[in-house]
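Here's a walk through the contacts in this model, from the chain interface down to single residues. Have the structure open as you read.

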Amino acid sequence: MKKRRPASIFFTSVLLIVLYFALFPYPLGKELVAKPVWAVSVVPAPSNSPAGGEPAPTAGPQGAFPFRLGDVFGYVEPDGTLLHVGHRLFQVALSRSGYINYARTGTDWIMRDPRGERVVSFSGDGYPLLSADGSRVLVVNSDLTGLAEVDRNGDPAWTRDFPAIMTSISIQRNFLLIGLLNGSLQLLNRSGALLYQGPPGPSRIPVIYGCAVTRDGSFIASVSGIGPQALTVLGQSGASYTVALRAGLSTDFRREVRMGFSPDSRYLFYEAGDAVGLVEPQGGRLSAVPLRGLFAGSAFLQDARIAAFAARDGQRVNISLVFPFLRTLGSESFPVGDMFLGSVDGQLLLGVGGRLLRVDVEAL
Amino acid sequence: MRQACLLVGVAFFFLAAVLPLRGLDWPVEKKIIIGTFAQDQDGHFFDGLDIGGGQQDVHAVLAGELVFRYDEDQDYSSLPRGLGSFVALHHEGKIETTSCNLKKGSLGPVRTAYAAGETLGASGDTGSSDGVHLHFSLYDEETASFVNPLSFLPPVADTQAPVIRRVLLSAGGTLIPLDNGAKVPAGQGQIIAEAYDLRQDVRFHWPLGLYGVRLEVDGKEVARIVFDSLQVSDGRLTLGGARLPLGSVYTGDGLVKCGGVDLRAGNSHLDLSVRNFAGNETTKEISFTVRE
């Protein structure tokens, strides 16, 4: 006699299939929606103001984002209101809370807030440098062997000399990482005291080509050396730093490379020839985002969920938007001269063709 | 002090012996020195030489490998570079030379190897510069020190002796002019001098740094400073094997601290000698009285 299968087996099978899809859904991939929000022209108005042609301020500095497009710099608010537009003199040190527009020669500088109001004035030999949030004001001496920090009153807080020429620097609120021509990294604390120093790894000719430190100082990274050139990530281990990741590179840079950590310290990006290398220091993951041209800028959007990378290929600039370690969401190409890539309120701030554009990126 | 002198001597001997710099040639044709090694440059030691002479080709002083280059307004930089456009070469024997303030765009395409005498670029006024010049520095990787290029470059004709304009005694917080016949208080003090070398090629006053300072009191050498190398000690660039910090060498207003003295009552005699790189020397002898 033929035995009948119980109906429960059928229902169990169906349930298991449903559960499988519920528990392990297939990632269909998100659709990128890039929505232009506003565009403004950033031609500075002629003026006799002291910092080089800035118009009178129209609003407060809260929430203003800095930009630099060729010789023009300024601050824009999330709604597209230009708070400040000026011409750089020789260079401009830009930060969220203020800027220093300085001439090629001179030893006296004024830091101004995003409205152009004087914050502090100070003196030194060399050129000024600001941290991204403007909380730190540094002076790099003219032969690149010394660094000084000035306090809120413009008085010297500390100075330090280095045993070789500085090739690169990474500034965080409480940390300062310096790469040297002799292949050594020096990590300093807020008061300029040495926390760590050493070469990141062996190479025929030790040189630091780029360096980066996370906001909390938990990781430091560098691209260094000739024969071989390598990426080294060091992780904090007690009072010192030990190698967390070391990868040989096929590049042969003889100039400074762009590199940095995402604001949340989750990702490290570095220039890698015709690509941007991405590293997740905590998990040890590495990947590469191919670029069309020379790496020219980066920005992290929406709490670093999305990264934007710019590459220049002659007179064209290509912007790529990626989900780190997942996929490239999309890319766009612009026939422009000067270009700026930044963020405003966690969204993309793009400077092309003398205009600033806010583009809100959504992945649906 | 004897120990310090010994250290200076040992360091100089070491540098002279180990640096394989035979055959080092000038990086430019017109050798107009406008800034000298270890001068006080706004509060820190100057780490190289400034060479004027207008725009001219800058050559590799030895065969070498390119280790770093920066072209102003072309290359990315995370820090402002007062050196302007520059090229750093690595040479055999762990020596590095850096040619700075080069003309923007004169660096040419990126190459990795340069033969001695090959053109690196043209002198210019990029970076923190008041005019067209070349900033040239020489670095010894082995000892992690900047060394004075004039110690190793072929000598330049110079018949002009350096100048000692005035000598002062710093004691008890006051500066006392020290001339023949002066009467000064007994005790410890510091001999300070307005002393410099002068450019020979111009008529106007253009002071340059010295190569050596020697101080003798009553026939006994009490101090010797040689401006031959700079290295970092405790986060400060220091001079020579004695590792003198800037504040031990310069007063901050253009005067040189020549050395400390302990003056006892009676008649004293001081010999202060200063020397430039060509070996020209000027000595000032001062006889004075030390009061009780």
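## Where the two chains meet

Let's start with one salt bridge: the side chains of Glu65(B) and Arg204(A) pair up at 3.0 Å, N to O. A salt bridge here is a side-chain nitrogen of Lys or Arg within 4 Å of a carboxyl oxygen of Asp or Glu. By that rule, chain A and chain B have four salt bridges between them. Bear in mind that this is a predicted model, where local features need pLDDT of at least 70, side-chain atom pairs count only at pLDDT 80 or more, and totals for chains, interfaces and linings use all residues; side-chain values use heavy atoms, with hydrogens and water left out, residues are numbered from 1 along each chain as its sequence is written, and chains are lettered from A and ligands numbered from 1 in the order in which they are written.

Polar contacts turn up here too: the rule finds 24 residue pairs across the interface of chain A and chain B, both residues at pLDDT 80 or more. (A polar contact is a pair of N or O atoms within 3.5 Å; within protein, one must be able to donate a hydrogen and the other to accept it, and residues adjacent in sequence count only if both atoms are side-chain atoms.) On the chain A side, the elements giving two or more residues are strand 9 (127-130), strand 12 (156-161), strand 13 (166-171) and strand 17 (205-213). Strands are DSSP runs of E with at least two residues, helices are runs of H or I with at least four, and both are numbered from the N terminus. That side of chain A splits into 20 nonpolar, nine polar and twelve charged residues. For the classes, Ala, Val, Leu, Ile, Met, Phe, Trp, Tyr, Cys and Pro count as nonpolar, Asp, Glu, Lys and Arg as charged, and the others, Gly among them, as polar.

In total, 41 residues of chain A are in contact with 42 residues of chain B, contact meaning heavy atoms within 4.5 Å. The two chains bury about 3500 Å² between them, 56% of it on carbon and sulfur atoms. Buried area is the accessible area (1.4 Å probe) that two parts lose on being put together, summed over both.

## Two domains in chain A

Chain A is divided into domain 1 (36-55 + 296-364) and domain 2 (172-290), with bounds from an automatic or database domain assignment. Twelve residues of domain 1 and 15 residues of domain 2 make up their contact. Together the two domains of chain A bury about 1100 Å², 76% of it on carbon and sulfur atoms. On the domain 1 side, Phe300(A), Phe309(A) and Phe325(A) supply 59% of the buried area, more than any other three residues.

What is the salt-bridge count between domain 1 and domain 2 of chain A? It's zero.

## A buried histidine in chain B

His91(B) belongs to strand 7 (residues 85-91) of chain B. His91(B) counts as buried because its relative accessible area is 1%; buried means under 20%, exposed over 50% and partly exposed in between (1.4 Å probe, protein chains only). The His91(B) side chain makes a polar contact with the side chain of Thr97(B) at 2.6 Å, and reaches the backbone oxygen of Leu62(B) at 3.5 Å.

## An exposed glycine

Gly252(B) sits in the loop between helix 2 (246-249) and strand 23 (256-263) of chain B. Gly252(B) has 58% relative accessibility, so it counts as exposed.
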